[in-house]
Amino acid sequence: MYLLTIYRLTQEGAVPASNVRLAERLGVSKVSVTEMVRKLQEKGLIQKTRRAIALSREGERIALNVIRKHRLAERLLVDRLGIPWAHAYDQACKLEHILSDEVADALEKFLGHPATCPHGQPIPDQHGCLPPQREAWPLSSVKAGERVTIEQVKEGSVELLNYLVEVGLRPGQEITVEQVAPFDGPLLISTGERSFPLSREVAGKVAVSGSGRSDGRIGRPGGAF
């Protein structure tokens, strides 16, 4: 979990991964983080400076292997078992730790080698390589009148995912931004069948592609936006 969290913090990029950030994200004490970081450094899985923590090549390989198992498990739960995609994330968090590499390889073949999880996040292959991704940017940066396609939604929040399912926003869905309220106000979104307001906070957790352009592009490897 430490390696996985360091990887995700690094991909998010807003603030460098650090002991403080790890303690906040994992919900553990700073003392526990300090001790674990020391052990990971001794094993050659991370590199630590005064300002940040980075994964070594081996540490990144392990983190991507866990991500692969998690996203394959999500595909199994959603595509084959009919588990709602908003609830598959938590279940996959449990399965990612018990799937062996052999089982993950067989599961990938069984599922037809999917490129993404149900949330649109790319699935690493058995060598830790990620499939090509479309350039994407936050829905919150799209201007009024532009039509875009949803590429990814942020993982981890069941409440957020339930809401997006309720309003019909999921990867592959084409939408139009009808209006953008000033002063960080909401966006008015249309799916063709219905229109509804979407807060800037929620729109910032949805990645889109299409006609909109923004400097805040989020198509980072790993999809951890």
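**Close-up 1. Helix α4 packs against helix α5 (residues 85-95) at an angle of about 130°, with the two axes 8 Å apart.** This is a predicted model, in which local features need pLDDT of at least 70, side-chain atom pairs count only at pLDDT 80 or more, and totals for chains, interfaces and linings use all residues. Residues are numbered from 1 along each chain as its sequence is written, and side-chain values use heavy atoms, leaving out hydrogens and water. Helices here are DSSP runs of H or I with at least four residues, numbered from the N terminus. Axes are lines fitted to C-alpha atoms over the stretch in contact, and angles run from 0 to 180 degrees between N-to-C directions. The angle makes α4 oblique to α5 (under 35 degrees is roughly parallel, over 145 roughly antiparallel, 65 to 115 roughly perpendicular, and the rest oblique).

**Close-up 2. Who touches whom between α4 and α5?** On the α4 side look for H70, A73, E74, L77 and V78, and on the α5 side for W85, A88, Y89, Q91, A92, C93 and L95; contact means heavy atoms within 4.5 Å. These contact residues divide into nine nonpolar, two polar and one charged (Ala, Val, Leu, Ile, Met, Phe, Trp, Tyr, Cys and Pro count as nonpolar, Asp, Glu, Lys and Arg as charged, and the others, Gly among them, as polar).

**Close-up 3. Helix α4 (residues 57-80) also meets helix α6 (residues 101-110), their axes coming within 10 Å and crossing at roughly 45°.** That makes α4 oblique to α6. From α4, the contact uses N65, R68, K69, L72, A73, L76 and R80; α6 brings D101, A104, D105, L107, E108 and F110. Six of these residues are nonpolar, one is polar and six are charged.

How values were computed:
Helices (H or I, at least four residues) and strands (E, at least two) are DSSP runs, numbered from the N terminus.
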